[in-house]
Amino acid sequence: MLTRTIRYTVRFHETFLLHGFDRPMPAGEYRVERDEEVIEGLSWIAWRGVSTFIHLPAVGTETMKTQMMQIDPAELEDALDKDRKLS
(Lines give C-alpha, C1' and ligand atoms only; values in the text may rest on other atoms or scores of the structure.)
Protein backbone atom coordinates (compact mmCIF):
# COMPACT_ATOMS: atom_id res chain seq x y z
CA MET A 1 0.00 0.00 0.00
CA LEU A 2 1.30 3.43 -0.95
CA THR A 3 1.44 5.96 1.90
CA ARG A 4 2.58 9.53 2.39
CA THR A 5 3.06 11.95 5.26
CA ILE A 6 2.05 15.59 4.95
CA ARG A 7 3.79 17.94 7.39
CA TYR A 8 2.55 21.43 8.17
CA THR A 9 2.56 24.03 10.93
CA VAL A 10 -0.45 25.54 12.70
CA ARG A 11 -0.49 28.69 14.85
CA PHE A 12 -2.60 29.26 17.92
CA HIS A 13 -2.88 32.81 19.24
CA GLU A 14 -4.56 31.66 22.47
CA THR A 15 -4.18 28.63 24.74
CA PHE A 16 -6.06 25.56 23.50
CA LEU A 17 -7.06 22.12 24.70
CA LEU A 18 -7.70 19.00 22.61
CA HIS A 19 -9.14 15.65 23.68
CA GLY A 20 -6.49 13.55 25.42
CA PHE A 21 -4.37 16.50 26.59
CA ASP A 22 -3.84 16.67 30.35
CA ARG A 23 -3.61 20.48 30.33
CA PRO A 24 -4.14 23.43 28.00
CA MET A 25 -1.32 24.11 25.55
CA PRO A 26 0.16 27.61 25.26
CA ALA A 27 -0.20 29.82 22.20
CA GLY A 28 2.43 29.23 19.53
CA GLU A 29 3.27 27.30 16.38
CA TYR A 30 2.86 23.53 16.38
CA ARG A 31 4.07 20.97 13.86
CA VAL A 32 1.40 18.57 12.60
CA GLU A 33 1.83 15.36 10.58
CA ARG A 34 -0.99 13.69 8.66
CA ASP A 35 -0.46 10.15 7.37
CA GLU A 36 -2.48 9.18 4.31
CA GLU A 37 -2.81 6.04 2.22
CA VAL A 38 -3.86 5.64 -1.37
CA ILE A 39 -7.38 4.36 -2.02
CA GLU A 40 -6.90 1.41 -4.32
CA GLY A 41 -9.24 0.28 -7.07
CA LEU A 42 -10.02 3.70 -8.50
CA SER A 43 -9.13 4.91 -11.98
CA TRP A 44 -7.43 7.99 -10.44
CA ILE A 45 -5.20 8.53 -7.41
CA ALA A 46 -7.09 9.44 -4.25
CA TRP A 47 -5.84 9.58 -0.67
CA ARG A 48 -7.52 8.98 2.68
CA GLY A 49 -6.25 10.19 6.04
CA VAL A 50 -5.35 7.42 8.46
CA SER A 51 -3.79 9.37 11.36
CA THR A 52 -2.90 12.87 12.45
CA PHE A 53 -0.29 13.80 15.07
CA ILE A 54 0.69 17.08 16.73
CA HIS A 55 4.19 17.67 18.10
CA LEU A 56 4.36 19.04 21.63
CA PRO A 57 5.57 21.48 22.84
CA ALA A 58 5.27 24.45 20.50
CA VAL A 59 8.03 25.16 17.97
CA GLY A 60 10.80 27.22 19.58
CA THR A 61 9.90 26.23 23.13
CA GLU A 62 13.06 25.48 25.07
CA THR A 63 12.66 22.06 26.63
CA MET A 64 14.37 18.72 26.30
CA LYS A 65 11.09 16.80 26.40
CA THR A 66 9.01 16.44 23.22
CA GLN A 67 6.18 14.13 22.29
CA MET A 68 3.73 13.41 19.51
CA MET A 69 0.05 13.09 20.32
CA GLN A 70 -2.47 11.50 17.98
CA ILE A 71 -5.37 13.88 17.43
CA ASP A 72 -8.64 14.07 15.54
CA PRO A 73 -8.07 16.36 12.52
CA ALA A 74 -11.65 17.67 12.73
CA GLU A 75 -11.11 18.62 16.38
CA LEU A 76 -7.90 20.42 15.42
CA GLU A 77 -9.75 22.42 12.74
CA ASP A 78 -12.49 23.30 15.23
CA ALA A 79 -9.89 24.51 17.74
CA LEU A 80 -8.15 26.59 15.05
CA ASP A 81 -11.52 28.13 14.00
CA LYS A 82 -12.28 28.99 17.62
CA ASP A 83 -8.81 30.51 18.02
CA ARG A 84 -9.28 32.67 14.90
CA LYS A 85 -12.55 34.03 16.29
CA LEU A 86 -10.93 34.89 19.63
CA SER A 87 -7.94 36.70 18.16
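**P73**

I started with P73, which is partly exposed at a relative accessible area of 32%; buried would mean under 20% and exposed over 50%, with partly exposed in between (1.4 Å probe, protein chains only). The model is predicted, so I kept in mind that local features need pLDDT of at least 70 and side-chain atom pairs count only at pLDDT 80 or more, while totals for chains, interfaces and linings use all residues. Residues are numbered from 1 along each chain as its sequence is written, and side-chain values use heavy atoms, with hydrogens and water left out.

I found P73 in helix 1. Helices (H or I, at least four residues) and strands (E, at least two) are DSSP runs, numbered from the N terminus. Leaving aside residues up to four places away in sequence, P73 touches R34 and T52, where contact means heavy atoms within 4.5 Å. I also checked P73 against V32: they are 41 residues apart along the chain, and their C-alpha atoms are separated by 9.7 Å.

Four of them form an open antiparallel sheet in the order 1-2-3-4; two strands pair if DSSP finds at least two bridges between them. Strand 1 (3-12) and strand 4 (67-71) are at the edges with a single partner strand each, so one side of each is left without a neighbour in the sheet. On average, neighbouring strands are turned by 30° against each other, direction ignored.

I then went through two of the pairings. Strand 1 and strand 2 are antiparallel over 10 bridges, and Y8 stands opposite V32 in strand 2. Strand 2 (residues 28-38) and strand 3 (residues 47-56) are antiparallel over seven bridges, with E33 opposite F53 in strand 3.

Helix 1 (residues 73-86) packs on this sheet and touches strand 1, strand 2, strand 3 and strand 4; its direction makes about 25° with that of strand 1. Axes here are lines fitted to C-alpha atoms, for helices over the stretch in contact, and angles run from 0 to 180 degrees between N-to-C directions.

**A cis bond**

I looked at the end of strand 3 too. L56 and P57 are joined by a cis peptide bond, with omega about 0°. Most peptide bonds are trans. P57 lies in the loop between strand 3 and strand 4.
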